[in-house]
Amino acid sequence: MQIQDRINAFSKLGERISNLTTDELEQLDATAQNINGWFTKESVNQALSSIQHMLNEEKLSEWIAKYDVDDVTPQVVGIVMAGNIPLVGFHDLLSVLISGHFAAIKPSSDDRFLTQTIIDWIIEIEPRFKKNIEIREKLTNIDAVIATGSDNTARYFEYYFKNIPNIIRKNRTSVAILTGKESAEEFKDLGADIFTYYGLGCRNVSKVFTPKGFDIREAFPHFEPYQEAINHHKYRNNYDYYKSIYLVNKTPHLDTGFLLINSTDQLVSPISVLFHQEYDSIESLQNILDSQKDKIQCIVGKDFVPFGKAQQPELWDYADNVDTLKFLTHLAC
């Protein structure tokens, strides 16, 4: 296949997603949630919408034009996919296929159904992709690998795949920086960055930095559109657990009734908890961010990722700031 054929195929996949009928969406949502209770209708639809947002011919062409894909020698690239949010491994699959390689996929059991569905659609659109995609239980006889997991599994990946080119991703989270001059709409959009996927994604904001003297409670009324999260039993269990821990330990915290706010210098908050920290100056804040840069996926704020866009990355917004397509186009060079 020529590169334009691959671009056309993925552009048509975007159209396929945008044209899903109500019945098709309901079936997808119901099956996905039956397998993984976190994959609610809203989460699955958000994931599909984010993928559709990427897949138009203009964006795909602009993205791929920066790389010399014509000289790529096809390799077998293993993809170990996470399963924390729906279709979280799609960008890796897209990158491997559009650069002309063969994808050997090990999907998470939590996301296997949706991953297989996307694969079925792309093969239906472009049958020539069938020979380039294989789901495997074990990733042996591969030339390179992209693996995403926890800090613990990353250590295993680093050892197991040490002899081949690799991208190994560990746990990350995202933060927001407030200036104290945010509008009501920006606070509401920040709520989306916190609550989309119930906070399970590495691009979800788990900590907010505010200028000294700013009352974080000013943002709370604008989070109310997301209070339905408390009705999800898994989210509610987390909320009840951490509320109990804070009360028993007399840990100072704020409580909106569906979100707990804990002021701390820690970075990665548990589900249903938002960490909060004040900063004295931009310089002191930058020092904090620099010291934790290896754990931060993205930063949301006026001069960073716009509020409400954390879970709507563009094709060139690479996980861990590692250029996946550069890695793939330089294999076997």
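**Close-up views of a predicted model**

**View 1. Thr40 and its contacts.** Not counting residues up to four places away in sequence, Thr40 touches Gln33, Tyr198 and His232, where contact means heavy atoms within 4.5 Å. The model is predicted, so local features need pLDDT of at least 70, side-chain atom pairs count only at pLDDT 80 or more, and totals for chains, interfaces and linings use all residues. Residues are numbered from 1 along each chain as its sequence is written, and side-chain values use heavy atoms, with hydrogens and water left out. Thr40 sits in the loop between α2 (22-35) and α3 (41-54). Helices (H or I, at least four residues) and strands (E, at least two) are DSSP runs, numbered from the N terminus. Thr40 counts as buried, at 4% relative accessibility. Buried means under 20% relative accessible area, exposed over 50%, and partly exposed in between (1.4 Å probe, protein chains only).

**View 2. Gln33 in helix α2.** Gln33 belongs to helix α2 and counts as partly exposed, at 35% relative accessibility. Not counting residues up to four places away in sequence, Gln33 touches Phe39, Thr40 and Lys41. Gln33 and Ala9 are 24 residues apart along the chain, and their C-alpha atoms are separated by 28 Å.

**View 3. Tyr198, a residue with positive phi.** Most residues other than glycine have a negative phi. Tyr198 has a phi near 60°, a positive value in a residue other than glycine. Tyr198 is placed in the loop between α8 (184-195) and β7 (205-211). With a relative accessible area of 13%, Tyr198 is buried. Tyr198 is also one of the residues that Thr40 touches.

**View 4. Asn321 and Val322 in one loop.** Asn321 is not a glycine, although its phi is positive, at about 60°. The loop between β11 (296-300) and α11 (324-329) holds Asn321, and Val322 lies in the loop between β11 and α11 as well. Asn321 is exposed, with a relative accessible area of 72%, whereas Val322 counts as partly exposed at 33% relative accessibility. Val322 and Ile167 are 155 residues apart in sequence, and 8.1 Å apart in space from C-alpha to C-alpha.

**View 5. Helix α1 against helix α4.** Two packed helices are described by the angle between their axes and the distance between the axes. Axes are lines fitted to C-alpha atoms, for helices over the stretch in contact, and angles run from 0 to 180 degrees between N-to-C directions. Helix α1 (residues 3-18) packs with helix α4 (residues 57-64) at an angle of about 140°, and their axes are 9 Å apart. That makes α1 oblique to α4: angles under 35 degrees count as roughly parallel, over 145 as roughly antiparallel, 65 to 115 as roughly perpendicular and the rest as oblique. The crossing of α1 past α4 is right-handed. A crossing is left-handed if the near helix is turned anticlockwise from the far one by less than a right angle, and right-handed if clockwise. On α1, the contact is made by Ile3, Gln4, Ile7, Asn8, Phe10 and Ser11, and on α4 by Glu57, Leu60, Ser61 and Ile64. By class, the contact of α1 with α4 has five nonpolar, four polar and one charged residues. Ala, Val, Leu, Ile, Met, Phe, Trp, Tyr, Cys and Pro count as nonpolar, Asp, Glu, Lys and Arg as charged, and the others, Gly among them, as polar.

View 6. α1 packs with helix α6 (residues 112-125) at an angle of about 120°, with their axes 9 Å apart. α1 and α6 are therefore oblique to each other, and their crossing is right-handed. Ala9, Phe10, Lys12, Leu13, Arg16 and Ile17 of α1 make the contact with Ile118, Trp121, Ile122, Glu124 and Ile125 of α6. This contact of α1 with α6 has eight nonpolar, no polar and three charged residues. The axes of α2 and α6 cross at roughly 145° and come within 9 Å. Here Leu28, Thr31, Ala32 and Ile35 in α2 meet Phe113, Leu114, Thr117 and Trp121 in α6. By class, the contact of α2 with α6 has six nonpolar, two polar and no charged residues.

**View 7. Phe10 and Ile98 in the nonpolar core.** A nonpolar core is a set of buried Ala, Val, Leu, Ile, Met, Phe, Trp, Tyr and Cys residues joined through side-chain atoms within 4.5 Å. The largest nonpolar core has 83 residues, of which Phe10 and Ile98 touch the most other members. Leaving aside neighbours within four places in sequence, Ile98 is in contact with Ile3, Arg6, Ile7, Phe10, Leu60, Trp63, Ile64 and Leu325. A second, separate core has 10 residues, among them Leu139, Ile142, Ala147 and Ile168.
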